Amino acid sequence: RLDKALTEVSYSSFDRAVKLFRAVLGEVEKGGPAWRQAIYGTAVCVQQLSPPTEARIEEAVSLYKQLVATAPDSKYAPRAVLNLGRIAELSDFYQDKIDLAGARRRYEQVIRQWPTLPIAGEAAMRVAGTYIQTYEPEQVRQGVRVLEAWLDAHPDDALASAMWQYLGDTY
């Protein structure tokens with residue numbers, strides 16, 4: 001079922017995949033490798049189901065948090081935390097409130113907890129974005145400082161060229 005669920009995700013058949021992931025969750029030991037993959041898959045699928053609703057987004061948040069609390073050493077945990085940040089940063093449904101400060105905290109958590117993983121660079125770029133997108137001059141300058149500091153410390157980051165492009169666009 002797990003392999004079939006992953007195949008369905010590759011086809012963007014989130015409605016089919018979520019059913020398979022949920023079935024796996026009901027069959028495996030909580031915290032184990034299959035559970036980690038299935039709960040992450042369930043959260044991603046629920047988050048991607050269309051149309052997005054408050055209930056679906058709340059469920060995705062709950063599943064991501066459960067994964068991080070139960071298996072913080074999981075390979076899925078950094079992306080789950082980053083996804084929590086994305087949920088806070090974006091408006092997913094009608095009247096959804098954007099929480100840039102909450103998103104920033106999640107992205108900074110990724111950098112703190114997994115500083116050597118490639119996802120830390122993505123998180124740094126997203127931290128900068130939470131400042132830059134406000135278009136408030138001091139906030140924009142803070143976003144620029146975040147990117148410049150990251151690039152100084154990580155000149156070979158996989159996203160360095162995108163960060164430079166973002167800096168150029170921001171200027």
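Why are Glu8 and Lys4 separated by about one helical turn? I began with this pair, and the reason is that Glu8 and Lys4 stand four residues apart in helix H1 (residues 2-10). For my own reference, helices (H or I, at least four residues) are DSSP runs, numbered from the N terminus.

Before going on, I noted that this is a predicted model, in which local features need pLDDT of at least 70, side-chain atom pairs count only at pLDDT 80 or more, and totals for chains, interfaces and linings use all residues. I also noted that residues are numbered from 1 along each chain as its sequence is written, and that side-chain values use heavy atoms, with hydrogens and water left out.

Entry on salt bridges. I searched the whole structure and found ten salt bridges, the term meaning a side-chain nitrogen of Lys or Arg within 4 Å of a carboxyl oxygen of Asp or Glu. One of them joins the side chains of Glu8 and Lys4, at 3.9 Å from N to O. I then looked up the accessibility of Glu8, and this residue counts as buried because its relative accessible area is 9% (buried means under 20%, exposed over 50%, and partly exposed in between, with a 1.4 Å probe and protein chains only).

The next salt bridge I looked up is between the side chains of Glu59 and Arg22, at 2.7 Å from N to O. This pair links distant parts of the chain, since Glu59 sits in helix H4 (residues 54-70) and Arg22 in helix H2 (residues 14-27), 37 residues apart. Glu59 is partly exposed, with a relative accessible area of 28%, and Arg22 is also partly exposed, at 39%.

I also looked up Glu138 and Arg145, whose side chains meet in a salt bridge of 2.7 Å, N to O. Glu138 is partly exposed at 44% relative accessible area, and Arg145 counts as partly exposed at 38%. Elsewhere, salt bridges that share partners join Lys4, Glu8 and Arg16 into one network.

Entry on Thr130. Is Thr130 buried or exposed? I found that Thr130 counts as buried because its relative accessibility is 0%. Its place is in helix H7 (residues 119-132), and a polar atom of the Thr130 side chain lies 2.6 Å from the backbone oxygen of Val127. Leaving out residues up to four places away in sequence, I listed what Thr130 touches, with contact meaning heavy atoms within 4.5 Å, and the list is Glu89, Leu100, Ala103, Arg104 and Tyr107.

Methods. Helices (H or I, at least four residues) and strands (E, at least two) are DSSP runs, numbered from the N terminus. A polar contact is a pair of N or O atoms within 3.5 Å; within protein, one must be able to donate a hydrogen and the other to accept it, and residues adjacent in sequence count only if both atoms are side-chain atoms.
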